[in-house]
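User: I would like to learn how to read a helix and its salt bridges in a model. Could you take me through it step by step?

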Amino acid sequence: MEIQWALVVHGLVTLLVVVSLLCGHWPIFQDTFIERIQYFITSGAYDYFLRFVAVIFGSRGRNCFLVVEHYFCGRPNPILQLLYLSILGVTYLVIAKSSFRYIPGYYVSELHRYTSMLAVGVGVILFLLTSFSDPGTVTAENVSQYISAYPYDNIIYVEKECSTCKISKPARSKHCGICDRCVARFDHHCGWMNNCIGEKNTRYFLAFLLWHFLICLYGAVVLGFILAGELKERRVIYILTVYYGVENSFSSLFPYIVQWLVASYNTQILLIMFLAIVSLLLAGFFGYHAHLCLTNTTTNETFKWQDYISWKRKLNEAKSSAAALKASIHAVTGESNPPKSKWRAFFRRSPLQNEEVVVKNNVYDQGIASNLFEIVFPLSERRSFFCRKSE
């Protein structure tokens with residue numbers, strides 16, 4: 001039983017680390033241990049590592065490490081793309097080598113040999129589409145059309161010029177420091193795709209996330225049915241109850257069945273755990289981006305709105321505090337008229353309670369149907385886009 005518990009603990013720790021690394025910056029995890037773990041992984045541990053390198057190898061070794069880091073993280077490179085293809089290929093080969101010999105089985109038909117190949121092939125196609133498609137590069141030739149297509153809201157987007165490209169910056173665009181280009185409706189730069197996710201390829205990115213979630217879920221379910229078929233064909237439950245006298249109940253049979261599966265099919269168990277964890281992560285990531293698309297918001301705009309609302313609240317708090325201080329000074333110096341009765345003074349609202357409520361006013365949200373239509377059929381690929389002129 002120690003092996004089973006070790007697998008469970010290993011899976012939970014892996015899930016915690018991966019969720020913290022990928023999702024710790026989400027607003028839902030703000031001020032939680034998930035955010036603190038994500039900060040330690042991405043910043044705290046990195047700072048300690050740099051200090052360690054400087055102590056062991058000196059400043060020259062530290063500078064060499066920073067050069068290597070800039071190559072991998074500060075400029076386009078195919079490292080993560082190759083890593084993705086390696087993970088996908090190795091996982092499929094391990095599944096084929098270890099589990100295809102049980103197909104066809106009691107619950108699994110021969111068809112799954114070919115559907116699995118088709119599923120992986122479609123996933124690679126979506127990966128290539130997302131990686132090598134134009135995310136919506138803003139150039140001097142199309143900047144006027146993009147400015148007309150995405151008007152400035154004068155809240156988080158105001159009219160200004162890109163300091164690098166030396167052209168006007170359309171609303172919702174951003175200059176990617178890694179790709180060195182302005183991208184329309186910029187969402188984020190994805191290292192796994194070695195490409196920006198923007199106006200033109202958000203649809204491919206969403207399809208990639210959804211399809212890979214379904215692939216992982218499909219693989220875990222099929223492997224589960226393979227194990228269930230082996231359990232049925234080898235009559236394990238019958239042997240345990242008849243020959244070993246184990247009570248025919250779930251609570252009594254479960255430890256013995258798990259022990260038998262781990263001892264005989266440990267590779268399949270590990271694969272199911274791996275696919276289940278990855279599918280959960282992909283489901284969360286897809287759900288987050290699907291929510292952004294349904295509200296016509298980007299990841300970049302989410303952080304912009306957070307900064308704006310935080311700044312606006314601090315400004316309102318400062319104004320309310322100043323008003324409260326002014327009222328207190330007037331009350332002490334007697335410059336203001338006293339209230340008509342102490343009863344009214346008791347129920348009088350404090351200036352701090354008059355703080356203005358800050359709300360998010362997303363002018364680009366045109367309703368769920370229109371928002372989805374804009375993702376599937378980007379504005380720059382419509383005939384009307386080329387007829388637009390900047391006012």
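This is a predicted model: local features need pLDDT of at least 70, side-chain atom pairs count only at pLDDT 80 or more; totals for chains, interfaces and linings use all residues.

User: Which residues of α4 are buried, and which are exposed?

Analyst: The buried ones are Ser116, Ala119, Val120, Gly123, Leu126, Phe127, Thr130 and Ser131. Because these residues cover an arc of only 130° around the axis, they lie on the same side of α4. They pack against α3, β4 and α6, whereas Leu111, Tyr114, Met117, Leu118, Ile125 and Phe132 are exposed on the other side of the helix.

User: Which residues are linked in a network of salt bridges?

Analyst: A salt bridge joins a side-chain nitrogen of Lys or Arg to a carboxyl oxygen of Asp or Glu within 4 Å. The structure holds seven of them, and a network links Arg172, Arg185, Glu301 and Glu374. Between Arg172 and Glu301 the closest N and O atoms are 2.6 Å apart. Arg172 lies in the loop between α5 and β1 and Glu301 in helix α10, so this pair ties together parts that are 129 residues apart in sequence. Glu374 also bridges to Arg185, at 3.8 Å from N to O; this pair links helix α12 with the loop between β2 and β3, 189 residues apart.

User: Is Arg172 buried or exposed?

Analyst: Arg172 has 0% relative accessibility, so it counts as buried.

Note on methods
Residues are numbered from 1 along each chain as its sequence is written. Side-chain values use heavy atoms; hydrogens and water are left out. Buried means under 20% relative accessible area, exposed over 50%, partly exposed in between (1.4 Å probe, protein chains only). Helices (H or I, at least four residues) and strands (E, at least two) are DSSP runs, numbered from the N terminus. The arc is that of the directions from the helix axis to the C-beta atoms. Contact means heavy atoms within 4.5 Å.
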